[in-house]
Amino acid sequence: MHQHHPLAIETSGLVKCFGTNRAVDGIDLQVRQGSIYGLLGPNGAGKTTTVRLLATLLRPDAGKAIVLGRDVVREPDEIRRQISLTGQFASIDEDLTGYENLVLLARLLGFSRSQSKARAGELLDAFDLEDASRRQAKTYSGGMRRRLDIAASIISTPDLLFLDEPTTGLDPRSRGQVWELIRMLVAGGTTVLLTTQYLEEADQLADRIAVIDRGSVIAEGTSTELKASIGSGVLHVRLSDPAQRDAARQLLAERLGALVHLEGDPRALAAQVSDPDRVAAALVALSASGIAVSDFSLGQPSLDEVFFALTGHAAASADQSPESAL
Amino acid sequence: MNMTSNPRRSDVDQTLRKTLAARHAPTSPGAVANALTFGWRALLKIKHMPEQLFDVIVTPIMFTVMFTYLFGGALAGSTDAYLQFLLPGILVQTVTFTSIYTGFTLNGDISKGVFDRFRSMPIWKPAPIVGAMVGDTVRYTVSSLIVVAVGFIMGFRAETGASGIVLSILLLDLFAFGIGWIFTTLALTVRTPSTVMTLSWLVLMPLTFASNIFVDPATMPGWLQAIVGVNPVALLVTAVRGIMSGTVTAGEIGFALLAPALVTAICAPVAMYLYGRER
């Protein structure tokens, strides 16, 4: 019954305040079972607080949250049986070895001594950590720590896994490994809610994305839908002569039919692009009107650009960041 | 999850798929098993950071040797006679001081990310705290044994022999576990481990010195004798002396356990409330 609830997470009007700061300010989410859902936003947007509310670590001040068919306020114990949390900062015991970490958690979950040891060995092996298994976790690299952290979360397979910024601070190789792990977990039937500051990560992994700003969802949809509203990419242009920037801005806006904004660099401009075909024409038009381009590039929009497109303001990290304050 | 360049990729993927295959947790192991697992965690920490035990080992040796030879002659006529009197008291002092570390380590521990994981797991909620305190009884036992060993080398003999010593250590462990809740509560209230330390000393200094650990209270002024008479540390010292000399009464043991029982009854619920609080 609870198992077959079609939504893994359903919230309405979720609110959490810390003093006068409304860290989560009326969030509505629907996360389908078996999917990967991404919460995208800058530091201090309320992503971590949302995760902590859903993982029963915090109690909401208002609104409702149903996780795996259960109410987070009334049935936190039942929810804890079916979820795992991988926090923003490693949720592992740094003083213990990788092996001891996993055995400890397996014992807490009720595995026998021998089962716990076997499971720990199996996970360390599968996560490519067997060489480091007898070392204290504090000696691990960022990528190894994350892998241990995720291994710790799946000692018994959770129905719902929370991953709070799983790849922040990882090198591209480790990031790729973590992504692959997440995909495999979901293939096995687990639902994943992840938070990220990287559009690319959300795009790569998430079936649906909610963009969060100042405690509210400002956009929600599949990655394709989001891109349709913010443009599939961003054209960055750097001019030889900064004096020509206004002219270039006007011309690009006309040719691309998109919003063009001026970057911090006085020679640089950026524009959301919905149709890449028009980029070439726009660049030709620039040079035809005597505006010299020193370089240009077309890429995925950064979080800043997503925010600019959605809100018209930059993704300034909130001054009072509940994430870092906690 | 391996790189395309890895020739074992398919093997590893196989292992990984198998490892990730759905598997559900066995039934919850229950409160006691959870707490004991956390006790094991405390022991693992000592194993990785044996320097934690330095204080536990050095301080009691220092106190026993220092007080016996400094004051023994003056207070009891001979160092041998004084040692017979002092050693049970030093045991109590050592274990009481050691119980501060429960709060000290917990305060640093609890702010770490791993506690988020513990809190989001289907385990007995007080287990991380109770388990840490259970693990600390190992510390109490170790420091007690060291005091006894040093005392033995210096010439101390318990009239009730090994059984007296075992019983004494059991009583000491119970006492320290009980009053440990004070420091646990403190650890959950204040921000830094060093504050826990400072406040704990403020509580313990008067308790250990305004007692019968070092001298017979008969020479003290009346008001101080009255204090010593109800000081939980002094009551424990009386019981331990009684156990070691074979004159202990059930009443003495009862009085010794009164304070830790009261502290547990009051501080344990407060500590659990503080632990359950959002942070």
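A: What follows starts with the contact between the chains and then turns to each chain by itself.

First, some ground rules: this is a predicted model, so local features need pLDDT of at least 70 and side-chain atom pairs count only at pLDDT 80 or more, while totals for chains, interfaces and linings use all residues. Residues are numbered from 1 along each chain as its sequence is written, chains are lettered from A and ligands numbered from 1 in the order in which they are written, and side-chain values use heavy atoms, leaving out hydrogens and water.

Now the meeting place. On the chain A side, 52 residues touch 43 residues of chain B, where contact means heavy atoms within 4.5 Å. Together the two chains bury about 4,400 Å², with 60% of it on carbon and sulfur atoms; buried area is the accessible area (1.4 Å probe) that two parts lose on being put together, summed over both. Three residues, A:R80, A:L108 and A:M184, supply 16% of the area chain A buries against chain B, more than any other three.

Side chains of opposite charge can pair when their charged atoms come close. Have a look at A:D93: its side chain forms a salt bridge with B:R41 at 2.6 Å, N to O. A:D93 also has one with B:K45 at 3.1 Å, N to O.

What about chain B itself? Chain B has eleven helices and zero strands, taken as DSSP runs numbered from the N terminus (helices are H or I, at least four residues; strands are E, at least two). The C-alpha trace of chain B spans about 80 × 40 × 35 Å along its principal axes.

Chain A, for its part, is assigned domain 1 (7-227) and domain 2 (232-300), with bounds from an automatic or database domain assignment. Taken over C-alpha atoms, the centres of these two domains of chain A are 39 Å apart.

Terms used:
Salt bridge = Lys/Arg side-chain N within 4 Å of Asp/Glu carboxyl O.
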